Every structure is written in structure tokens, then in C-alpha cells.
Amino acid sequence: MTATCREACCSVTPRLTVAELFERGFRRNREAPRAIAGEPCAGAEDNTVSFSLDVSDGRIEAISFRASCCATLIAYCEYIAEIVPGFRLELARELTAANLVDSVPGVPALKRDRAVLAIAAFRAALVAADEFQRGEPSNESRLHLRHPAP
């Protein structure tokens with residue numbers, strides 16, 4: 001008897017058109033941030049994006065993002081948000097902009113640079129997750145430690 005893989009890498013089958021991803025991503029874009037927030041990243045045409053994660057035992061439990069109103073950027077972010085829950089942090093780091101471009105058909109060549117921005121922001125959240133797991137304070141809390149209020 002062969003059972004299908006139940007790991008996150010094989011069990012997720014999202015609908016991948018830009019319009020469908022944008023529609024779902026537009027709703028997720030309004031969700032509250034998760035416990036571990038990555039630094040925001042900015043790209044061309046004033047596009048900005050940041051991801052936040054919930055991590056448990058080295059696995060991504062939940063993810064949310066905030067992105068500017070570019071439909072392609074939101075679609076790429078939503079694709080990331082749909083496939084990575086359940087991934088180990090090490091596996092999540094392997095996701096590349098080329099993977100996004102290959103996985104989301106119908107994006108005009110002129111807009112494919114949004115994949116680089118989405119991956120950069122996602123990796124910033126992974127860095128924040130690593131720091132959180134090691135018990136290192138975030139940049140904001142370091143500032144408060146150095147300059148305590150009177």
C-alpha cells in the first residue's frame with residue numbers, strides 16, 4: 001500500500017493563477033501580524049512587503065504578510081503563505097524567486113521582479129525567527145536595553 005506524503009511539501013495544492021492568489025492574498029493582507037515579524041523590504045515603484053511568522057519546534061505554524069497594493073506582489077506573497085506552513089525553517093530557506101516565477105503562471109515578464117522582493121521579505125522573517133529561537137532580542141528591544149527610559 002502506498003500512502004501519499006503528508007508533509008507540507010507535498011500536501012498543499014493551491015490554485016495558482018495570479019487572480020486567485022491575489023483574491024485570497026488580499027484578504028490575508030488584512031490579518032493581524034504574527035508573533036515574529038521580519039523587517040519590511042522595499043522595491044521598485046514604492047512596493048513594500050513584510051512577513052510575520054508563528055514558529056514552533058523549528059516549523060512554521062502560521063504566516064501573514066503586509067504588502068503594498070501591487071496585485072502581482074500580493075499573489076507571490078500569498079503563494080508563499082499557502083505553501084510554507086508546516087515547513088521546517090531550513091526547508092523554507094530553500095525557496096527562491098525562480099521557484100515563485102515558475103509556480104505562478106501568467107505573470108508578465110515586467111512584473112516578475114516582484115518575486116525577488118517577496119523572497120527578500122520572507123527571508124527577513126526567517127532571520128527574525130532564527131533570532132527568536134536563539135533567544136536574541138530584536139533590534140527594537142536592543143535599543144530599549146541600551147537607552148532605558150528614565
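The expected span of a helix is 1.5 Å times one less than its number of residues. I begin with that definition because it lets us check two helices in this model, which is a predicted one.

Consider helix α3 first, residues 71-83. At 1.5 Å a residue, its 13 residues should span 18 Å, and the end C-alpha atoms are 19 Å apart, which agrees. Just after α6, Gly-135 adopts a positive phi of about 80 degrees.

How many of the 13 residues of α3 are buried? The number is 12, so the helix is largely enclosed by the rest of the structure. Among the buried residues are Thr-72, Cys-77, Tyr-79 and Ile-83; the charged residues Glu-78 and Glu-82 are also buried.

One partner of α3 is helix α2, residues 18-28. The two helices pack at an angle of about 80 degrees, and their axes are 7 Å apart. Since angles of 65 to 115 degrees count as roughly perpendicular, that makes α2 roughly perpendicular to α3. On the α2 side, the contact involves Val-18, Leu-21, Phe-22, Arg-24, Gly-25, Phe-26 and Arg-28. On the α3 side, these meet Ala-71, Ile-74, Ala-75, Glu-78, Tyr-79, Ala-81 and Glu-82. By residue class, the contact divides into nine nonpolar, one polar and four charged.

I turn now to two individual residues. Is Ser-52 buried or exposed? Its relative accessible area is 5%, and buried means under 20%, so Ser-52 is buried. The side chain of Ser-52 makes a polar contact with the side chain of Ser-64, at 2.7 Å. A polar atom of the Ser-52 side chain also lies 2.8 Å from the backbone nitrogen of Arg-34. Not counting residues up to four places away in sequence, Ser-52 touches Pro-33, Arg-34, Ile-36, Ala-37, Ala-62, Ile-63 and Ser-64.

The second residue is Asp-130, which brings us back to helix α6. Asp-130 has a relative accessible area of 18%; it is therefore classed as buried. Which residues does Asp-130 contact, leaving aside its neighbours within four places in sequence? They are Leu-89 and Arg-93.

That concludes my presentation; I welcome your comments.

Key:
Residues numbered from 1 in each chain as written. Predicted model: local features only at pLDDT ≥ 70, side-chain atom pairs only at ≥ 80, totals over all residues. Heavy atoms only, no water. Axes fitted to C-alpha atoms, helices over the stretch in contact; angles between N-to-C directions. Helix = DSSP H or I, 4+ residues; strand = E, 2+ residues; numbered from the N terminus. Parallel < 35°, antiparallel > 145°, perpendicular 65-115°, else oblique. Contact = heavy atoms within 4.5 Å. Buried < 20%, exposed > 50% of the residue type's maximum accessible area, 1.4 Å probe, protein only. Polar contact = N/O pair within 3.5 Å; in protein donor to acceptor, adjacent residues only side chain to side chain.
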